[in-house]
Amino acid sequence: MALVACKECARQISTEATACPGCGAPNSNMAQAQATVAVAPAKANYEVLLLSIPAVATLLDWFWIGNMNLFQSPGNALMLVALATVLGSAFVVSAEARALGMVTDKAKSTNGPTAWFFSLVLLWIVAYPLYLYRRKAYGVPNRMLVGLVLALVFTGSQFVMASSIEAKKAEVRNVFSGNATPEASQEAAEPQDNSVDKLVDDEMAKYDVARRNGSKVAMCVHAGAVAALLSQLKDEESYQGWKHNQRVDCKAAGLPFE
């Protein structure tokens, strides 16, 4: 609380007083203060949602898609996450730009809502952090640095996941193109000059090699082949042991097992 002089009698009065207690004159200082008090209109600010979209998408890449096997179509899921991220952030950017009253303005280097929407759809990794920078011209914080980090991390996670999926597909193709499937091994194991025992030994050796190399897909295939050959030999105890190995290895490789 401050004191000011009454304009009528020069007596010191509070700025919060409505009138002078000495002469009764209205306190013009308070009236002026009330007249000049203005509440600035709240700026539309969707930055929490804008920054959350790529962050959540990155978590989905690692903790959802990263735990999928090939039969769950991780490639399609990865594409869906990318599409949702691009379109979702484009819609939010367009909505905020409209709420802020953005227009195409060369002086401010800004575009209108529609232009920003298509910029993100066509070149998301560039337009997303750029928008978070250009919005500062309309009184909202510049979040370009955070946006750039999120854009790079999300794009990197998409690339890593896509590479991992392709590597897994290549591993499966190599195993099944270079080695017999359990069913084919069973057919090949029909007694021909009593070579079934040798085939069992060969498949067990291949299984050991796959185990040392850490190839779960190859371990699944060779365990199945050994089990199929042991079935031909009527060795029930060994057969059950190798079926168990096949079940565990196929599950670890993300391959179906019946």
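**A pocket and a buried threonine**

User: Which residues lie nearest the centre of the second largest pocket?
Analyst: This is a predicted model, so take what follows as read from a prediction. The second largest pocket has a lining of 14 residues. Those nearest its centre are Ile65, Gly66, Met68, Asn69 and Lys168.

User: Which helix gives the most to the lining of the second largest pocket?
Analyst: Two helices, α6 (144-178) and α10 (236-253), each supply at least two residues of that lining. The one that gives the most, with 4 residues, is α6.

User: How many charged residues does the lining of the second largest pocket have?
Analyst: The space in this pocket comes to about 220 Å³. Sorted by class, its lining has 8 nonpolar and 4 polar residues. The charged ones number 2.

User: Let's switch to Thr85. Is Thr85 buried or exposed?
Analyst: Thr85 sits in helix α3, which covers residues 74-100. Its relative accessible area is 2%, and the cut-off for buried is under 20%. So Thr85 counts as buried.

User: Which residues is Thr85 in contact with, leaving aside its neighbours within four places in sequence?
Analyst: Contact here takes heavy atoms within 4.5 Å. With those sequence neighbours left out, the list for Thr85 is Ile53, Pro54, Ala57, Trp124 and Phe154.

User: Which residue's backbone oxygen lies 2.8 Å from a polar atom of the Thr85 side chain?
Analyst: A polar contact needs a pair of N or O atoms within 3.5 Å. A backbone oxygen lies 2.8 Å from a polar side-chain atom of Thr85, and that oxygen belongs to Val81.

User: How far apart in space are Thr85 and Ser52?
Analyst: Along the sequence, Thr85 and Ser52 are 33 residues apart. In space, C-alpha to C-alpha, their separation is 10.0 Å.

Key: Residues are numbered from 1 along each chain as its sequence is written. This is a predicted model: local features need pLDDT of at least 70, side-chain atom pairs count only at pLDDT 80 or more; totals for chains, interfaces and linings use all residues. Side-chain values use heavy atoms; hydrogens and water are left out. Buried means under 20% relative accessible area, exposed over 50%, partly exposed in between (1.4 Å probe, protein chains only). A polar contact is a pair of N or O atoms within 3.5 Å; within protein, one must be able to donate a hydrogen and the other to accept it, and residues adjacent in sequence count only if both atoms are side-chain atoms. On a 1 Å grid over the protein atoms alone, a cavity is a set of points where a 1.4 Å probe fits but cannot get out, and a pocket is an open set with protein on both sides within 12 Å along at least five of seven lines; lining residues have an atom within 4 Å of a point. Grid points are joined across faces, edges and corners, and a volume is the space filled by probe spheres set on the points. Ala, Val, Leu, Ile, Met, Phe, Trp, Tyr, Cys and Pro count as nonpolar, Asp, Glu, Lys and Arg as charged, and the others, Gly among them, as polar.
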